[in-house]
Amino acid sequence: MEKQQNYAVEVEDLTVAYDARPVLWDIDLKIPKGKLMAVVGPNGAGKTTLIKAMLGLLKPVTGAVRFADGSGDVRVLKNRIGYVPQSGSVDWDFPATVQDVVLMGCYGKLGWIRRPRKMDIELTKQTLQKVGMQNYASRQISQLSGGQQQRVFLARALAQEAEVYFMDEPFKGVDAQTERAIVSLLKELKEQGKTVVVVHHDLQTVPDYFDWVTLINLRVVASGPVDEVFHEENLKKTYHSSGALLRSVV
Amino acid sequence: MNSVSALFLDYTFQTVALGSALLGLISGVLGSFAVLRKQSLLGDGVSHSALPGVVMAFVLLGSKKTEVLLMGALISGLLATLFIVGVVRHTRVKFDSALALVMSVFFGLGLVLLTYVQKIPNSNQAGLKRFIFGQASTLLQRDIILMIICGLVLLSLVLLFWKEFKLFTFDTDFAQSLGFSSKKLNLLLSFMIVLAIIIGLQTVGVILMSAMLIAPPVAARQWTNKLWIMVTLSALFGAMSGITGTAASSLVPKLPTGPAIVVCVSIIVLFSILFAPGRGVLYRIYQRRKNKILYKLEGGSPDVPSN
């Protein structure tokens with residue numbers, strides 16, 4: 001029991017398949033509390049699938065996901081889990097303002113039917129400020145750039161006031177300045193004792209941004225502290241390449 | 001002018017116009033969600049697939065009552081939806097193919113059944129054909145009451161689950177991650193859309209009904225960037241077309257009501273696509289011209305955040 005307390009998320013024997021083809025095979029994963037963890041792997045390795053399975057958005061063939069208090073049901077924990085989907089997963093031409101979208105982060109706490117309160121709107125203003133989008137609150141979301149869309153999704157997740165965050169490529173299509181802003185935000189979350197799981201593509205920045213890393217390619221190749229498991233051999237195993245491209249990274 | 005005011009005082013006209021307005025209003029509201037969820041075509045599938053249900057209800061129960069026939073329509077519409085969803089889920093057939101297939105099979109079956117029914121003595125004037133193109137003039141007061149009840153239920157549900165529908169329509173996965181069952185929401189919203197379609201069948205008919213579902217929200221989307229304004233405008237456009245279409249068909253001899261309503265709503269769509277500020281075609285041409293001049297003068301981007 002005592003040991004369990006140290007993990008924010010535990011994944012056991014997780015196998016996920018689309019049709020008959022397995023996309024994740026027998027995944028065992030323990031994510032310690034208060035860590036910034038990168039999920040790294042080649043295209044089609046199952047990174048997004050892993051996150052979606054942990055969130056309960058996909059039904060696994062076998063296996064279980066457990067959160068800190070021992071419950072595996074996301075619905076019970078809805079207020080504790082924040083989610084930043086890939087920004088391309090929604091239609092940004094939807095008739096809504098930036099504030100409307102960020103306010104959706106409060107919906108979980110409200111539950112069915114109840115309307116957002118004044119304090120929820122206050123909260124959205126604060127989280128927009130945190131991502132530097134306070135001047136865009138009344139903007140139509142179709143007018144946002146890719147980086148701004150990412151920041152809006154981030155603000156929405158912050159409004160969830162969760163304990164564990166899952167982020168699917170939050171750095172995709174953002175400029176250097178926005179990337180720095182997001183990184184400092186992630187570190188701030190970590191300082192508050194939150195656990196953050198990030199699907200990440202840029203191997204160069206893994207040691208700078210994260211303190212924990214999981215390398216996956218259908219299976220978990222390695223998972224642990226960045227300075228222990230993020231080395232050439234594991235990267236080779238993950239990417240099945242000669243490693244020439246990766247040698248410069250580590 | 002006299003004939004118009006006389007028309008609006010006519011009881012039959014009032015009944016039909018009220019029915020058409022209600023139909024436009026309801027389908028305008030529910031259609032907004034169908035369009036935003038990119039399920040416009042599903043509405044077309046459901047309405048076409050309702051035909052065999054109408055005929056079967058008559059064959060099995062021998063009743064010409066609207067509610068009986070519409071119940072049949074509802075069942076076969078839902079059945080078709082289940083088929084489409086099932087085919088997409090369990091085979092490699094894609095959504096558009098599954099939809100086209102199921103829709104034409106059901107509609108074809110409906111036509112075959114209709115021909116069969118007309119050969120049965122005593123049922124020749126069953127009036128089932130009115131469901132193909134719709135026949136608003138057959139609307140009775142009790143049909144209107146049925147529409148009002150269904151409409152009130154649907155509108156209350158939309159108001160009650162407004163937050164959930166908005167979230168679910170925009171970002172299904174996120175809704176699910178917050179604990180709002182996307183299965184339940186999908187079921188509820190789809191059922192509501194199907195019900196809205198069924199309500200309109202008698203007036204507009206199975207072939208044109210999807211226009212009532214799609215056109216008002218498409219027009220409304222042009223004028224606003226807020227969901228609640230879009231839904232309200234869509235309801236308004238639908239109701240307006242209902243009344244105008246009914247009036248047109250009453251004033252022009254031999255002009256059928258259903259198609260007249262659809263023509264009216266199409267005019268609203270055309271106008272909105274051309275002239276709406278912001279999203280309209282003309283506005284965008286104007287904006288592009290202006291930008292060109294700005295670029296020439298300053299060589300910079302004119303799109304500086306304004307607030």
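The largest nonpolar core of this predicted model has 154 residues. Those with the most contacts inside the core are A:Met37, A:Val197, B:Val54, B:Ile198 and B:Val265. Helix H2 of chain B, residues 11–36, gives the most to this core, with 13 residues. Domain 1 and domain 2 of chain A both give residues to the core, so it lies between them. As general background, nonpolar side chains in soluble globular proteins tend to be buried together.

I turn now to the domains of chain A. According to the domain assignment, domain 1 consists of residues 1–80 together with 162–250, and domain 2 consists of residues 90–161. Twelve residues of domain 1 are in contact with 13 residues of domain 2. On the domain 1 side, helix H6 of chain A, residues 176–191, gives the most, with four residues. That side of domain 1 divides into seven nonpolar, three polar and two charged residues.

Let us proceed to the sheets of chain A. One is an open sheet of six strands with mixed pairing, in the order E5-E6-E7-E3-E8-E9. The edge strands of this sheet are E5 and E9 (219–225), each of which pairs on one side only. From one strand to the next, the twist averages 15°.

Within this sheet, I would draw attention to strand E3 of chain A, residues 36–40. Why is strand E3 described as largely enclosed by the rest of the structure? The reason is that five of the five residues of E3 are buried. A:Leu36, A:Ala38 and A:Val40 point one way from the strand, A:Met37 and A:Val39 point the other way, and all are buried. A:Met37 was also listed among the residues with the most contacts inside the core.

Strand E3 pairs in the parallel sense with strand E7 of chain A, residues 195–199, over four bridges. In that pairing, A:Val39 stands opposite A:Val199. Four bridges also join E3 to strand E8 of chain A, residues 212–217, and these two strands run parallel. Here A:Ala38 stands opposite A:Val213.

Strands E8 and E9 of chain A run antiparallel and are joined by six bridges. Helix H9 of chain A, residues 232–239, lies across E8 and E9, running at about 155° to E9.

Finally, chain A also has an open sheet of three strands, in the order E2-E1-E4, with antiparallel pairing. Its edge strands are E2 (21–32) and E4 (62–67), each pairing on one side only. The twist in this sheet averages 15° from one strand to the next. Strand E1 of chain A, residues 7–18, pairs with E4 in the antiparallel sense over five bridges, and A:Glu10 stands opposite A:Arg66 in E4.

Technical notes
Residues numbered from 1 in each chain as written. Chains lettered and ligands numbered in written order. Predicted model: local features only at pLDDT ≥ 70, side-chain atom pairs only at ≥ 80, totals over all residues. Domains from an automatic or database assignment. Contact = placed C-beta atoms within 7 Å. Nonpolar A, V, L, I, M, F, W, Y, C, P; charged D, E, K, R; others polar. Core = buried A, V, L, I, M, F, W, Y, C linked by C-beta atoms within 7 Å. Buried ≥ 20, exposed ≤ 12 C-beta atoms within 10 Å, placed from the backbone. Pairing = 2+ DSSP bridges. Axes fitted to C-alpha atoms, helices over the stretch in contact; angles between N-to-C directions.
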